[in-house]
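Here is a short tour of one protein chain. Look at the picture first, then read on.

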Amino acid sequence: MSVPDAEPESCFVDTNIWLYAFIEGDDPQKTARAKALLEASRAIMVSTQVINEVCINLLKKAQFSEQQVQQLIESFYAKYRVVELHTAHLLKASALREQYTFAFWDSLIVSSALHAAAAVLYSEDMQDGLVVEKRMRIINPFTQLPAVTNGA
């Protein structure tokens with residue numbers, strides 16, 4: 001599976017992409033696309049919010065142990081740039097909600113990605129193709145997947 005053309009130098013990866021990569025589940029196409037995206041991307045960034053969301057979902061959905069969660073957290077910090085939330089991120093998120101009508105948690109993700117100067121934010125949950133503040137594009141890496149049919 002291919003990833004979007006012209007892979008950016010810096011990208012911020014939202015929770016849902018990580019979960020598709022970590023949990024082999026009902027959608028093997030999304031799992032393969034998520035894994036390919038993470039392997040192909042050079043400068044991946046995440047926020048502490050994303051790490052928290054990934055961990056809680058892996059505890060619930062994949063029955064991760066606390067030791068596995070601790071290893072995952074250490075791995076995030078060792079491999080990727082982690083954006084920690086500060087007052088400026090929260091205030092920016094509020095302004096983004098007013099300007100773009102993002103949901104609360106999505107606005108924090110977008111704010112963190114902007115503060116990290118990401119060129120692209122990969123997310124399944126937000127408006128694909130939206131350019132935020134003329135400097136960051138939101139891309140849903142799953143939009144070009146072929147439709148799955150149930151037996152025919």
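## Leu58 and its neighbours

Start with one residue. Leu58 touches Leu19, Phe22, Ile23, Gln63, Phe64 and Leu72, leaving aside residues up to four places away in sequence. Leu58 sits in helix 3. Is Leu58 buried or exposed? Leu58 is buried, because its relative accessible area is 0%, and buried means under 20%.

Now look along the chain from this residue. Gln68 lies 10 residues from Leu58 in sequence. The C-alpha atoms of Leu58 and Gln68 are 9.4 Å apart.

## The whole chain

This is a predicted model. The protein has 6 helices and 6 strands. Along the sequence, they follow the pattern β-α-α-β-α-α-β-α-α-β-β-β.

How many of the 152 residues count as buried, as a percentage? The share is 46%. The accessible surface of the protein is about 8400 Å². Carbon and sulfur atoms account for 51% of that surface.

Take the contacts between residues at least 6 apart in sequence: 62% of them join residues at least 24 apart.

In general, strands of a sheet pair through backbone hydrogen bonds, either parallel or antiparallel.

Strand 1 (residues 10-13) and strand 4 (residues 120-122) pair in the parallel sense. Their pairing runs over 3 bridges. Within this pair, Phe12 stands opposite Leu121 in strand 4.

## The nonpolar core

In soluble globular proteins, nonpolar side chains tend to be buried together. Here, the largest nonpolar core has 42 residues. Which members touch the most others? They are Phe12, Trp18, Phe102, Val110 and Val132. Helix 3 (residues 48-61) gives this core its largest share, 5 residues.

Val132 shows what such contacts look like. Val132 touches Leu96, Tyr100, Phe102, Val110, Leu114 and Ile138, again leaving aside residues up to four places away in sequence. Two of these partners, Phe102 and Val110, are also among the core members that touch the most others.

Methods. Residues are numbered from 1 along each chain as its sequence is written. This is a predicted model: local features need pLDDT of at least 70, side-chain atom pairs count only at pLDDT 80 or more; totals for chains, interfaces and linings use all residues. Side-chain values use heavy atoms; hydrogens and water are left out. A nonpolar core is a set of buried Ala, Val, Leu, Ile, Met, Phe, Trp, Tyr and Cys residues joined through side-chain atoms within 4.5 Å. Buried means under 20% relative accessible area, exposed over 50%, partly exposed in between (1.4 Å probe, protein chains only). Helices (H or I, at least four residues) and strands (E, at least two) are DSSP runs, numbered from the N terminus. Contact means heavy atoms within 4.5 Å. Two strands pair if DSSP finds at least two bridges between them. Accessible areas come from the Shrake-Rupley method with a 1.4 Å probe; for residues, only the protein chains shown count as cover.
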